[in-house]
Amino acid sequence: MTRIVLGLITALTLISCSEKKDKKSQSNNPEIAIQSFFYPYDTVPKIYQYREIKNGMYEQFHRVYGISRSNGKHILVEHFTQDGRHTETYDFLLNSMLVQDHLVVGAKGDIKSTTVNENKLFPLDKKEICFKSQFSGISDQYVIDYESCRKFIDYTQRSILSKKMDCMKLNEILTVTNMDIKLKLKNELTNQIVRYYAKSIGLVEWHDVNDKQHFILEDIMTQNEWLKIISG
């Protein structure tokens, strides 16, 4: 009996040491640390309500939910205007944080996949990453190039939902180029944006460097609560 008890104690000690070692290695892994600031995986949709504090009447909604496919878990982030109009969707493969698909919604409500040329949109270290996609504009004569280059800046705290939250700060250079294929003309717009992701929550705030537009998370609600808002 004594040998059995001693064996159990030894086994438990080894398991405990192994768990501590795993936790320590995870805490020392910068990729795991940064990824914890992304949206948590949950198959029940959550609606993130953002308000533009420079003009308090303007809102934006992001519908976030997880799904499982043959290649692993995905998190989908759908963007909606304040009146509930769907504009685009990003499909992230969770184990790599690469964008698997980028969907845009046309003027007639048609949803189509873009051509994704570079698929990194959420940095896992301090190196700059880029996301690039291309899709047709208001007609086949027009093509839109969308490019977002982001870089991790620092960890900080922000006041979100009436409390201080640990956040990671990103700098983004966003470039949108509208090209007229027939006339061989193009118009390029570039903006610099600062984004904040809160730990275990996801995107909570963003603004341009001139602070002309400034969105901040106002609420996280259920889908039923959101439907009542946009239908009322």
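Student: In which strand is Thr89 found?
Tutor: Happy to start there! This is a predicted model, where local features need pLDDT of at least 70, side-chain atom pairs count only at pLDDT 80 or more, and totals for chains, interfaces and linings use all residues. Residues are numbered from 1 along each chain as its sequence is written, and side-chain values use heavy atoms, with hydrogens and water left out. Strands are DSSP runs of E with at least two residues, numbered from the N terminus, and the run at residues 86-93 that holds Thr89 is strand β4.

Student: Is Thr89 buried or exposed?
Tutor: Buried means under 20% relative accessible area, exposed over 50%, and partly exposed in between (1.4 Å probe, protein chains only). Thr89 has a relative accessible area of 4%, so Thr89 is buried.

Student: With which side chain does the side chain of Thr89 make a polar contact?
Tutor: A polar contact is a pair of N or O atoms within 3.5 Å; within protein, one must be able to donate a hydrogen and the other to accept it, and residues adjacent in sequence count only if both atoms are side-chain atoms. At 2.8 Å, the partner of Thr89 is the side chain of His86.

Student: How many salt bridges does a search of the whole structure find?
Tutor: Side chains of opposite charge can pair when their charged atoms come close. A salt bridge is a side-chain nitrogen of Lys or Arg within 4 Å of a carboxyl oxygen of Asp or Glu. Searching the whole structure gives a total of 12.

Student: How many residues apart in sequence are the parts that Asp211 and Lys54 tie together?
Tutor: The side chains of these two residues, Asp211 and Lys54, form a salt bridge (3.4 Å, N to O). Asp211 lies in the loop between β12 (202-208) and β13 (214-222), while Lys54 lies in the loop between β1 (46-52) and β2 (59-69), so the separation is 157 residues.

Student: Are Glu78 and Arg63 buried or exposed?
Tutor: Their side chains meet in a salt bridge (2.9 Å, N to O). This pair links strand β3 (residues 72-81), which holds Glu78, with strand β2, which holds Arg63. Glu78 has a relative accessible area of 9% and Arg63 has 17%, so both residues are buried.

Student: Which residue forms a salt bridge with Glu118?
Tutor: Glu118 lies in strand β7 (residues 115-119), and its partner lies in strand β8 (residues 129-136), 14 residues apart in sequence. The closest N and O atoms are 3.3 Å apart, and the partner is Lys132.

Definitions and conventions: Helix = DSSP H or I, 4+ residues; strand = E, 2+ residues; numbered from the N terminus.
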